[in-house]
Amino acid sequence: MLGLPLVFAYPLVLSALVLLPAIWFLLRLTPPKPREEVFPPLAILRRLVKREETPARSPWWLTALRLLMAALAILAMAGPVWNPREAVLNGDGNLILVIDDGWASGNDWADMRALAGDALDEAASASRTVSLVRTTSPFEDIAPTLEPEAARRVLDSHENIAAEPDHEDTARKLRELAASGETGEILFLSDGLEHPGTRELAAFMSGSGLKVAIARAGDDLAALSPLANAPEGMRGTVLLPQAGESTPFSLTGRDQKGLPVARTSVVVPDGEKSAEFNFTEPLELRNQIASVSIEGMRNPGAVQLLDDSNRRRIVGLVSGQSADVTQPLLSPLYYIERALSPFSDIRDADTANIEEAVTGLINQNVSAIIMADVGNLPEDTTAQLQDWLAKGGMLIRFAGPRLAANPEDALLPVRLLQGDRFIGGALSWEEPKGVAEFEQNSPFFGLEPPAEVQITRQVMALQSRDLDEHTWARLEDGTPLVTAGRSGNGWLVLFHVNSDNNWSNLPLSGTFVEMLRRIVDLSRSTLSNSELNESISLPPMEILDGSGTLVPPPAGLKPLEVAAGTTPVATVQTPAGLYGTENGYVAVNVLNSADPLVALDTASFAGARSVAIGEAGNTEIRPWLIALAALLFLADCIAVLWFAGAMSPASLRRATRHNRVATATALAAVLLTGLLVLAPGTAFSQSAPGGNGSPKPELDYQPALTTHLAYVITGIDEVDRVSKLGLEGLTRYIASRTAFEPGAPVGVDVASDELAFYPLLYWPIHANSPVPGEATMARVDAFMKQGGSILFDTRNQISSLMPGSNAPENVKLRQILATLDIPPLEPVPPDHVLTKAFYLLDSFPGRYAGGDLWVEQLPTSDELDARPARAGDGVSTILITSNDFAAAWAVDENLRPLFQTVPPNPRQRELAFRSGVNIAMYALTGNYKADQVHIPALLERLGQ
Amino acid sequence: MKSPARTTIGEQTERDIGSGLLARSRARAALIPDLLVEAKRVANNVYAGWHGRRRRGVGENFWQFRPYRPGENMAAIDWRRSARDDHVYVRDREWQASHTVWLWVDESPSMLYQSRTAIVSKQSRALVLAFAMAELLSRSGERVGWLGIQPPIAHRHAAERLGSALMHAPPQTDFPDTISVRELSDVILISDFLEAADGLHDRLKQLANRQIRGHLVQMVDPAEDAFPYSGRVEFRDPETGTRMNAGSAQALRDDYRALFAAHTKSLSLLARRIGWSHTVHHTDHLASQALVALHMAMSHDPGFGTGGR
């Protein structure tokens, strides 16, 4: 149309343009009507407005705007198309359709097939035959010339394949075709990349004298390089065939079930062809990643599949020595940690208890456990480790004095001689020994034996027939340095030296790092630990289809032959995918190196005609016209609002709320319409955030925010009620008399609640209360050792007065305390700091007055000087009374006491409260008051 | 008064007059203490009032003793008081007088204007003010009249009398005839004073020359002051029916407000020059505000009065 590459889908609609003059007439006819207002001071106003006359018609530009809007709408309805597709073919004779159906065609496969379909249509209408050549398999078993319909059937039944096209073979096939005379015109549908042999192909096409047309796809292609699992993250590179504007890519790592577990994004900068990305998710998550793909890319090259070899191993460390954190260099694990950290993730045992440490590490799912100089293992632990080894674990042990002393251990690859061998000391003839060459059956084979390493001590293996098989490394004299053996599916590895530099300087050498690396690599890599140096054949498990999705393998795929030490390559017979079984598989990827992608250079195809592919050449203008019309509509709305005065700030201010909302809604609607229309064909997909498992259970730290008095729940309701009321009464009393304002009293269950929050536990003893179990008492013991105090109250002062009584409460108390480490006790001496902690007291009555309060015995002072208060360095962890404090403190909601004191004496209750205050203050402040009493003396000494 | 669906800012209301108005004005008046009309310049009153003026003058009740000044009437000396010490005292009496106050409310169409933000129309508010003043004045024994309708009367229920007289009279649209106003009376003129300033000024000056003290209460609708119009508006004058188009009314706002302020200012200046009081009252404010202002102006020597006293 008019020489422009513009056609209309519905040209008849354009006749509506004749309506424009009518619209113009209508628009001129109806100016906006003014509002009529009564205004008494018009005389004053008139003095102003003589000059201003309001136009009765809308301004010309508004009319023009509206006319343009109408014209745009009509044009949009007519369905204009820019640059409509031209004919694909322009030759005659046989059509040789060369189509790239490798991995890189994934994104544009539909377009390529559509273009091929167009070409076949044209060939069919010209009654031409077709030779179909697919570049991944140019020599496939197919007739040299086909009818277009047959070629279309072949094409429709094939997707592109996750493998590299073979242009070299393609060139040979074309030569064959040319030689057989089936020539005419070549249409080459390229995926946009150079592949091996593309030059030959180009040379043939430009030199054959045939008409050649090239359609080049792959403009927005992106691919992934192989990934590396580094300590700080999983790294990879996004590759583009050609540099362009900066493009963002988002990458998703998925686990074996295809669920996203990791996400990251990367921007390929302007003018660059690649950009490196990094998954910084925690190692456990990274290890779950089974495939990484570029979001939105539909080609197998944008997917990298991972197998076991990419996983970082988690290694647990256990030491026989109690690690001294202040001297890390002396820790036997120091060099191991340093050696392992570049390539694996280290879990330290967080406890010195080997049993717990091993259990903890196994629960953390470590691949290998390293034990440095651990001698005897507990039986349970041995069994546990053997179980773990049978499932494929790896136990690496280092010798040391402890191991040398206990050679009878089940968890050793070889039997050891008692004691260790000392080479090259002052009392020895021998020189320190070096390391011998690594033998071929050793995993260390290929490493350079470190010349500088000197072994001075080692544990010796008992000579046996199979010792050689088990030996991975030897000293120069042939004695084993590293021995290993299978244990179930797992490995037992023993270094015959220890892990620091006392026995040898091996841990200081770089070889040590490599050795550990190779050993750790053995762990749980199920495939590589079968036969190491034979090629194996693996059945296809899942393969990538043409769009980069893992699918079950189609029938007829060949098993993958993996030669030792080679990386398998994706071919037509074995396209990219996973090969093997669920238990162990090898990932085959399209791209096996980070080499940059090379874009196809169409200039090298001399004389070739270029054909546009896809929708790129065929642009619908309608959305843009509609968007423009919507913009104009927006402008028109704003203009009308402005004319009506609704846009002035004053009117916005003065407008009623309803009106304002309505105006805002209208504006928002207009804007929204505009925006929607402005974004034709743009779809936003909301990606669900990756679930990171269930949240960590939170410890309830609430009691830590306020200091609470606490009592032990005995399980006997009456006692617990009195305890609660009593502590409430005491809490009130303390809050009103002292600066300490405790929170509401808390009943704690010593068996389960966290006790660390409470400085003082009130523990009433009832004859029927159950004796806590040992685990519970261990907690109580820990509580007391961490500085908590417990006030035991047998509440039986009065009954214990009976003659010959061994009160049941006392018996119970004795039972409870039996498992505790109780220091010697004494009744509170008169100079004890408890008597002065807040009030000055000489007795500690509760409901009963007669009983003593027992505390830890203070160290007797030798000098017997007249110190007014004595205190040990800490707070007595245990206080025992029989005076039933809680009953004396218990008050009801009207602050009336609940229990009469014995004898009935209000003073005694007051003293009971004061006792409570002193005990609480003592528990909180310790021996502070004992120091305070010296203040006069201190001041005097300071010369004040 | 307010129709629910109003699109315009201002509207013309019906003439508001009736017993409801009276009741409202009475309620307003109940808020005000007894009005004490300052009547300094009324020398020898004609009618004896009922209440003291809280100043010396002619009356019956003792007011104060003060030292005799040479030249005063010897008969005024209170010899009994003077005998008690060495000075000569004069016995002052409290001045008791009643006073004539004329009321007038402009009822021209422009006064019937009420905008959206106003509580009532200007006319309604003006009548309330007038009746409230009448109530106050009659309560304190003054004679109250309505220019052009009712000659002054001294009556406990003067407000009712004025109200009924007003109901039967035609609306007072023009400036009233002031022939019957005698000198030294007070005149309360309540209007929007929007007519041509020259004629108004001349009339007021004439009144002032006749030794009449006046109080101008200018009713202003908030819309007249703030000019909240915007966009294309056609303005219509309710008095003359003149129309005027404004293309974008908001553009006129600042200039108009300056002019309106100048108009008010000129009225205020005139009032000050002739010794009258001038109160501006917005109809979106409470009527009692204007009443208090008026009360202040009448009962005290107004601070704004400069000339003529």
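Pro903(A) is found in the loop between helix H22 (885-889) and H23 of chain A. Helices (H or I, at least four residues) and strands (E, at least two) are DSSP runs, numbered from the N terminus. The peptide bond from Val902(A) to Pro903(A) is cis. Its omega is near -5°.

This is a predicted model, in which local features need pLDDT of at least 70 and side-chain atom pairs count only at pLDDT 80 or more, while totals for chains, interfaces and linings use all residues. Residues are numbered from 1 along each chain as its sequence is written, chains are lettered from A and ligands numbered from 1 in the order in which they are written, and side-chain values use heavy atoms, with hydrogens and water left out.

H23 (residues 906-925) of chain A has 20 residues. From first C-alpha to last it reaches 28 Å, close to the 28 Å expected at 1.5 Å a residue. The expected span is 1.5 Å times one less than the number of residues in the helix. Of the 20 residues of H23(A), 15 are buried, so the helix is largely enclosed by the rest of the structure. Buried means under 20% relative accessible area, exposed over 50%, and partly exposed in between (1.4 Å probe, protein chains only).

Both ends of H23(A) have a feature of their own. At the start, a side-chain oxygen of Asn905(A) reaches to within 3.0 Å of the backbone nitrogen of Arg907(A). Just after the helix, Gly926(A) takes a positive phi of about 65°.

H15 (residues 622-643) of chain A has 22 residues. It reaches 31 Å between its end C-alpha atoms, close to the 32 Å expected. Buried residues in H15(A) include Leu625(A), Leu632(A), Leu634(A), Asp636(A) and Cys637(A).

Arg795(A) is not a glycine, yet its phi is positive, at about 55°. This residue sits in the loop between strand S36 (789-793) and helix H21 (808-817) of chain A.

Asp884(A) is also a residue other than glycine, with a positive phi near 55°. Its loop runs between strand S39 (878-881) and H22 of chain A. Asp884(A) is buried, with a relative accessible area of 6%.

## Aromatic pairs

A search of the whole structure finds 24 aromatic pairs over all chains. The rings of Phe398(A) and Phe495(A) have centres 4.5 Å apart and planes at 15°, so this pair is stacked. Phe398(A) lies in strand S19 (residues 394-398) and Phe495(A) in strand S24 (residues 490-495), both of chain A, so the pair ties together parts that are 97 residues apart in sequence. Phe398(A) is buried, at 1% relative accessible area. Phe495(A) is buried too, at 0%.

The pair rule covers rings of Phe, Tyr and Trp (its six-membered ring) with centres within 6.5 Å; planes under 30 degrees apart count as stacked, over 60 as edge-to-face and the rest as tilted. Ring pairs also build a cluster with members from chain A and chain B. Its members are Phe39(A), Phe227(B), Tyr229(B), Phe235(B), Tyr256(B) and Phe260(B).

## Charges over rings

The charged end of Arg486(A) sits over the ring of Trp491(A), 4.5 Å from its centre. In chain B, Arg81(B) lies over the face of Tyr89(B), at 4.2 Å from the ring centre. A charge sits over a ring if NZ of Lys or CZ of Arg is within 6 Å of the ring centre and within 35 degrees of the ring normal.

## Two buried strand residues

Ser131(A) is in strand S5 (residues 130-134) of chain A. This serine is buried, with a relative accessible area of 1%. A polar contact of 2.7 Å joins its side chain to that of Asn94(A). Such a contact is a pair of N or O atoms within 3.5 Å; within protein, one must be able to donate a hydrogen and the other to accept it, and residues adjacent in sequence count only if both atoms are side-chain atoms. Leaving aside neighbours within four places in sequence, Ser131(A) is in contact (heavy atoms within 4.5 Å) with residues including Asn94(A), Ile96(A), Pro144(A) and Leu177(A).

Asp186(B) lies in strand S9 (residues 186-191) of chain B. It is buried, at 1% relative accessible area. Its C-alpha is separated by 5.4 Å from that of Gly214(B), 28 residues apart along the chain.

## Chain A overall

Chain A has 25 helices and 39 strands. Of its 944 residues, 48% are buried. Among contacts with a separation of 6 or more, 75% join residues 24 or more positions apart.
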